[in-house]
Amino acid sequence: MKKKIFKSLSEKDTKKLAAGIADLLRDYNVVCLYGEMGAGKTTFVKALASFLGIKSRIISPTYIIIRKHRTKKGKDFYHIDAYRINDKKNDVSEIREILNEENAIIVIEWADRIKKYLPKKRIDIEFLYKEKKDEREIRIIEIF
């Protein structure tokens, strides 16, 4: 396990961090995001998708849970929002299938809601509010 902590003072800083994570996706295909509402998770996903060459509009799939896009290199990119998931097999069956796809990139907001289904090898990113309005502490943990 590797752990790094970054300070973000703006959306621009968060977007720069997403570029670095895009490089890590050679070794990982699941990115789990944690943090309160408004902490920067969806901003991060939008930036990550952009760095992967996704042209379609990225919006949070809060009510439909899963949105699928295609990267520039032809990989499936799944944006999952687990906020409204109850821990019932019916609610997670499709997500469990997606997590088994090897040639896909999967980004999960509110990953703590489905923690027991997450793969062991993944990147966890936690977004924490700090004292200033736009300041965040972003903790990245590579789990292998």
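**Reading helices and a sheet**

Analyst: Let us open with helix H2, whose buried residues are Lys41, Phe44, Val45, Ala47, Leu48 and Ala49. Buried here means under 20% relative accessible area, while exposed means over 50% and partly exposed lies in between (1.4 Å probe, protein chains only). The model is predicted, with local features needing pLDDT of at least 70 and side-chain atom pairs counting only at pLDDT 80 or more, although totals for chains, interfaces and linings use all residues. Residues are numbered from 1 along each chain as its sequence is written, and side-chain values use heavy atoms, with hydrogens and water left out.

User: What covers the buried residues of H2?

Analyst: The covering elements include H1, S2, S4, S5 and S6. These labels are DSSP runs numbered from the N terminus, with helices being H or I runs of at least four residues and strands being E runs of at least two. Helix H2 lies across S2, S4, S5 and S6, and runs at about 155° to S2.

User: Which residues make the contact between H1 and H2?

Analyst: On the H1 side they are Glu11, Thr14, Lys15, Leu17, Ala18, Ala19, Ile21 and Ala22, and on the H2 side Thr43, Phe44, Ala47, Leu48 and Phe51, where contact means heavy atoms within 4.5 Å. Sorted by kind, the residues of this contact are nine nonpolar, two polar and two charged. In this sorting Ala, Val, Leu, Ile, Met, Phe, Trp, Tyr, Cys and Pro count as nonpolar, Asp, Glu, Lys and Arg as charged, and the others, Gly among them, as polar.

User: In what order do the strands of the sheet stand?

Analyst: Strands of a sheet pair through backbone hydrogen bonds, either parallel or antiparallel. In this model the sheet is open, has seven strands in the order S1-S7-S6-S2-S5-S4-S3, and shows mixed pairing. Strand S1 (2–8) and strand S3 (66–70) stand at the edges with a single partner strand each, so one side of each is left without a neighbour in the sheet. From one strand to the next, the twist averages 15°. Helix H1 packs on this sheet and touches S1, S2, S6 and S7, its direction making about 5° with that of S7.

User: Which way do the residues of S5 point, and are they buried or exposed?

Analyst: In a regular strand the side chains alternate between the two faces of the sheet. In S5, Ala104, Ile106 and Ile108 point one way and Ile105, Val107 and Glu109 the other way, and all are buried. Strand S5 (residues 104–109) is therefore mostly covered, with six of its six residues buried.

User: Where is Trp110 found, and is Trp110 buried or exposed?

Analyst: Trp110 is found in the loop between S5 and S6, and at 13% relative accessibility Trp110 counts as buried. Its phi is positive, about 60°, although Trp110 is not a glycine. Ile65, in the loop between H2 and S3, is a residue other than glycine whose phi is positive, near 75°.

User: Is Met1 buried or exposed?

Analyst: Met1, in the segment before S1, is exposed with a relative accessible area of 68%. Not counting residues up to four places away in sequence, Met1 touches Ile141, Glu142 and Phe144.

Conventions. Two strands pair if DSSP finds at least two bridges between them. Axes are lines fitted to C-alpha atoms, for helices over the stretch in contact, and angles run from 0 to 180 degrees between N-to-C directions.
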